Amino acid sequence: MLDKLKDVLGKVLPDVDMSTVTADTRLIEDLGFDSLAMMMLAMEIEDAFNFKFKEFVKFNTVGDACSYIESRI
């Protein structure tokens, strides 16, 4: 799951070296996500994992996103 999510993250932030990203990597503090990047990430997750968000979900870390996706698929 982490590797597939890192592929998705790479589409949103192509300049970030994904080899350094772990489950503990923080989206805002470590990767520099802003509100636009968060929206783009949500759209990419929906496409990559074939589901739609039905509510607002706040991800603090990459691991938070992995756990949420795993609970949905």
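Q: What pattern does the chain follow, read along the sequence?
A: The pattern is α-α-α, with three helices and zero strands. Helices (H or I, at least four residues) and strands (E, at least two) are DSSP runs, numbered from the N terminus. This is a predicted model, in which local features need pLDDT of at least 70, side-chain atom pairs count only at pLDDT 80 or more, and totals for chains, interfaces and linings use all residues. Residues are numbered from 1 along each chain as its sequence is written, and side-chain values use heavy atoms, leaving out hydrogens and water.

Q: Why does Phe 51 count as buried?
A: Buried means under 20% relative accessible area, exposed means over 50%, and partly exposed lies in between (1.4 Å probe, protein chains only). Phe 51 has 9% relative accessibility, so Phe 51 counts as buried. Phe 53, with a relative accessible area of 19%, is also buried. Of the 73 residues of the chain, 37% count as buried.

Q: What makes Met 43 partly exposed?
A: Its relative accessible area is 46%, so Met 43 is partly exposed. Met 43 is found in helix α2 (residues 35–49). Together with Leu 36, Met 39 and Met 40, Met 43 forms a nonpolar patch on the surface.

Q: How do you know that the pair of Phe 51 and Phe 53 is edge-to-face?
A: Rings of Phe, Tyr and Trp (its six-membered ring) pair if their centres lie within 6.5 Å; planes under 30 degrees apart count as stacked, over 60 as edge-to-face and the rest as tilted. The centres of these two rings are 5.3 Å apart and the planes are at 65°, so the pair is edge-to-face. The structure holds five aromatic pairs, and ring pairs link Phe 51, Phe 53, Phe 59 and Tyr 68 into a cluster.

Q: What do the buried residues of α3 pack against?
A: They pack against α1 (2–12) and α2, where contact means heavy atoms within 4.5 Å. Tyr 68 is one of the buried residues of helix α3 (residues 62–72).

Conventions: Patch = residues over 30% accessible without salt bridge, like charges linked within 9 Å, V, L, I, M, F, W, Y side chains within 5 Å. Areas by Shrake-Rupley, 256 points an atom, 1.4 Å probe, with all protein chains shown as cover. Salt bridge = Lys/Arg side-chain N within 4 Å of Asp/Glu carboxyl O.
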